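Please have the sequence and the model in view while reading.

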Amino acid sequence: MRPQDREVLRLAVPALGALLAEPLFLLADSAIVGRLGVLPLAGLGVAGALLATAVSVFVFLAYGTTATVARRLGAGDLRSALQAGVDGMWLALGLGAVVAVGAFAVSGFLVDALGASPAARPYALAYLHWSLPGLPGMLVVLAATGVLRGLQDTTTPLVVAVTGAVVNTVLNLLLVYGAGLGIAGSAAGTALTQLGMAAWLAAVVVRGVRRETGSWAALAPRGLGVLKSARDGVPLLVRTLALRAALLLTTYVAARQGDAGVAAHQVAVVLWTTTALALDALAIAAQALVGRALGAGDAAGARAQVRRLVVWGVGAGVVMGAVLAVLAAPIAALFTPDPDVRAALAAATVVLACCLPLAGWVFVLDGVLIGAGDGRYLAGASIASAAVYAPLALAVLAWAPAGRTGLVWLWVVFAGAYTAARLVTLAPRERGGAWLVTGATR
């Protein structure tokens, strides 16, 4: 195996494990709260969607920090790399506190906006209120994970994520059933777990700073450094919002494909999201490796990494796509006994399976440009891709028949045309080399 391939696997495999561990939080909460009844579970569904949105919106805290830290590490300036990481963690803590307070103040509006029924509303509010104290911890986990990824360490976040998933389950069982706190206990257990994970990851970073500088002063927030982290994060935030807008539009169109169509769509989204985790692990490796190479002034090395990463991305897409295509019918049968839903799901699964090699290429290039600090271009490219996708999705809504045919066309334009639009905006940028800016800072 090539040394480049070993590096990719060394970073990507633990990153994939950590990514897979994260959904276990909500799954554990769902399993435990589900035994309390339908209404608590419905309330969890609404509140959980809000919290999941917060994580996706603020994922730039991880991505931006990874790129900055990796670049400075490659330049041989470990002290500056750690300081940039500390700045990102302070930004995460501040954002988490502000968002938690703001969300608490408008929690009723948020729950109502997501359509919680009057009967489920109190449960949604209870879960949200008890979860929000953990939001600063959740965002610090993102930033600290980015620091460690930038330092080429994806194993520590994996250990913390798996441990957190186990502790979360135990705490929830104790608080929900042992203490009799119901859905509030589930939320409190998750919040405590997130705060504990944040403390653990922060302690790892603190030890690194103390070892490198020998001073506690290096851990103090630097106003300019925190502001720079915020400024650098804005383009990645715009990128994320554009991606979320495309996903929301897809859900909107799917909701008008009839009961069988929307039911099949929900399962297809789960399949797409699950395969995306594997591809995202490669994107994370791309962020760390490309950032380090550019920081070291090794533009040729960065190019070589991109070539191997694209092979990995496309190859992973081909393998996963082939497996999904062959198992499309059995997978559909596993999820539902309804023949209409089965037929729609199997057809949509074949479409998304065919698009996974293309998605693997796109995910890797996205990670490459993030690692290079090319956030402004990514923001514009994401908006342009969403602008291309929107009329296509609306055309499906206007002209395609509802049901299986409409769902298949929706996935053709989402997994196919939208992904192709992203590739068209990213591939020329990568080939042109404008992202190849070397040095400790971009």
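Predicted model: local features only at pLDDT ≥ 70, side-chain atom pairs only at ≥ 80, totals over all residues.

## Packing of α8 and α10

Helix α8 covers residues 135-150 and helix α10 covers residues 183-213. The two pack at an angle of about 30°, and their axes lie 8 Å apart. The crossing of α8 past α10 is left-handed.

On the α8 side, the contact is made by L135, G137, M138, V140, V141, A144, T145, V147 and L148. Helix α10 contributes Q194, L195, M197, A198, L201, V204 and V205. By class, the residues of this contact comprise 13 nonpolar and 3 polar ones, with no charged residue among them.

A search of the whole structure finds 1 cavity of 30 Å³ or more. The largest cavity holds about 40 Å³ of space. Its lining is formed by D366, L378, A381, S382, S385, R422, T425 and L426.

Two helices, α16 (375-399) and α17 (404-432), each give two or more residues to this lining. The largest share, 4 residues, comes from α16.

## Aromatic residues

The structure contains 7 aromatic pairs. One aromatic cluster is formed by W272, Y389, W411, F414 and Y418.

Terms used. Residues numbered from 1 in each chain as written. Heavy atoms only, no water. Phe/Tyr/Trp six-rings, centres within 6.5 Å; stacked < 30°, edge-to-face > 60°. Axes fitted to C-alpha atoms, helices over the stretch in contact; angles between N-to-C directions. Left-handed = near helix turned anticlockwise from the far one by under 90°. Contact = heavy atoms within 4.5 Å. Nonpolar A, V, L, I, M, F, W, Y, C, P; charged D, E, K, R; others polar. 1 Å grid on protein atoms, 1.4 Å probe; cavity = no way out; pocket = protein on both sides within 12 Å on 5 of 7 lines; lining within 4 Å. Points joined across faces, edges and corners; volume = space filled by probe spheres on them.
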